[in-house]
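Here is a quick tour of a protein model, written for someone who likes to check things residue by residue. Have the viewer open and follow along.

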Amino acid sequence: MIRVVARDAVRSGGGVSATVRVDPAEPVFAGHYPGFPLLPGLALLDVVQAVVRTCPGREAARLSGVDRVRFFHEVRPGDELAVEVEFGADGGCSVAITGERGRVAQLRCALAMPEVVA
């Protein structure tokens with residue numbers, strides 16, 4: 001999982017928002033792409049999961065699927081991202097990610113919660 005430093009998480013009734021700084025030391029940047037490092041779109045899912053897990057009651061949540069995704073701008077080492085997550089009644093979430101160059105991505109994700117065994 002990508003290492004992210006989340007700051008200033010704000011929780012509201014139906015969601016969570018956080019500012020995330022993408023660690024420039026993340027190993028994925030070494031091979032994606034040499035000389036022009038970009039965060040792979042798939043790694044953004046780790047960012048979303050990390051932010052979802054800052055919300056009380058969702059600490060163990062995991063992304064179990066992506067219903068739709070649209071990428072707008074690249075994410076570079078050291079970028080700060082504003083991640084806005086709105087939880088839906090169906091157990092999924094809608095996510096908007098913005099960065100220093102504008103909109104980065106919009107996603108609709110399914111979430112799975114581990115079953116609690118009493």
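## Starting from Ile 97

Let's start in the middle of things. Setting aside neighbours within four places in sequence, Ile 97 is in contact with Leu 44, Val 48, Leu 81, Ala 82, Val 83, Arg 103, Val 104, Ala 105 and Leu 107; contact here means heavy atoms within 4.5 Å.

Before going further, a word on what you're looking at. This is a predicted model, where local features need pLDDT of at least 70, side-chain atom pairs count only at pLDDT 80 or more, and totals for chains, interfaces and linings use all residues. Residues are numbered from 1 along each chain as its sequence is written, and side-chain values use heavy atoms, with hydrogens and water left out.

## The overall layout

The protein has two helices and six strands, in the order β-β-α-α-β-β-β-β from the N terminus. Both kinds of element are DSSP runs numbered from the N terminus: helices are H or I with at least four residues, strands are E with at least two.

Of the 118 residues, 35% count as buried. The cut-offs are under 20% relative accessible area for buried, over 50% for exposed, and partly exposed in between, using a 1.4 Å probe and protein chains only. Among contacts with a separation of 6 or more, 59% are between residues 24 or more positions apart.

General background first: in soluble globular proteins, nonpolar side chains tend to be buried together. In this model the largest nonpolar core has 28 residues, and those with the most contacts inside it are Leu 44, Leu 81, Val 83, Val 85, Phe 87, Val 95 and Ile 97. Strand E2 (15-22), H2, E4, E5 and E6 each give two or more residues to this core, and H2 provides the largest share, six residues. A nonpolar core is a set of buried Ala, Val, Leu, Ile, Met, Phe, Trp, Tyr and Cys residues joined through side-chain atoms within 4.5 Å.

## Around Arg 103

Arg 103, one of the contacts of Ile 97, is found in strand E6. With 45% relative accessibility, Arg 103 counts as partly exposed. Leaving out neighbours within four places in sequence, Arg 103 is in contact with Phe 72, His 73, Ile 97 and Thr 98.

Take His 73: the C-alpha atoms of His 73 and Arg 103 are 6.4 Å apart, although the two are 30 residues apart in sequence. The side chain of Arg 103 also has a polar contact of 3.3 Å with that of Gln 106. That term covers a pair of N or O atoms within 3.5 Å; within protein, one must be able to donate a hydrogen and the other to accept it, and residues adjacent in sequence count only if both atoms are side-chain atoms.

## Salt bridges

How many salt bridges does the structure hold? There are three, each defined by a side-chain nitrogen of Lys or Arg within 4 Å of a carboxyl oxygen of Asp or Glu. Arg 101 pairs with Glu 74 at 3.2 Å, N to O. Arg 101 sits in the loop between strand E5 (93-99) and strand E6 (102-112), and Glu 74 in the loop between E3 and strand E4 (80-87), 27 residues apart. Arg 101 also forms a salt bridge with Asp 79, the closest N and O atoms being 2.5 Å apart. Within it, Arg 101 is partly exposed at 35% relative accessible area, Glu 74 is partly exposed at 33%, and Asp 79 is buried at 5%.

The side chains of Arg 108 and Asp 90 also meet in a salt bridge, 2.6 Å from N to O. Arg 108 is in strand E6 and Asp 90 in the loop between E4 and E5, so the pair ties together parts 18 residues apart in sequence. Arg 108 counts as buried at 11% relative accessibility, whereas Asp 90 is exposed at 61%.

## A cis peptide

In general, most peptide bonds are trans. His 32 and Tyr 33, however, are joined by a cis peptide bond, with omega about -5°. Tyr 33 is placed in the loop between helix H1 (28-31) and helix H2 (41-52).
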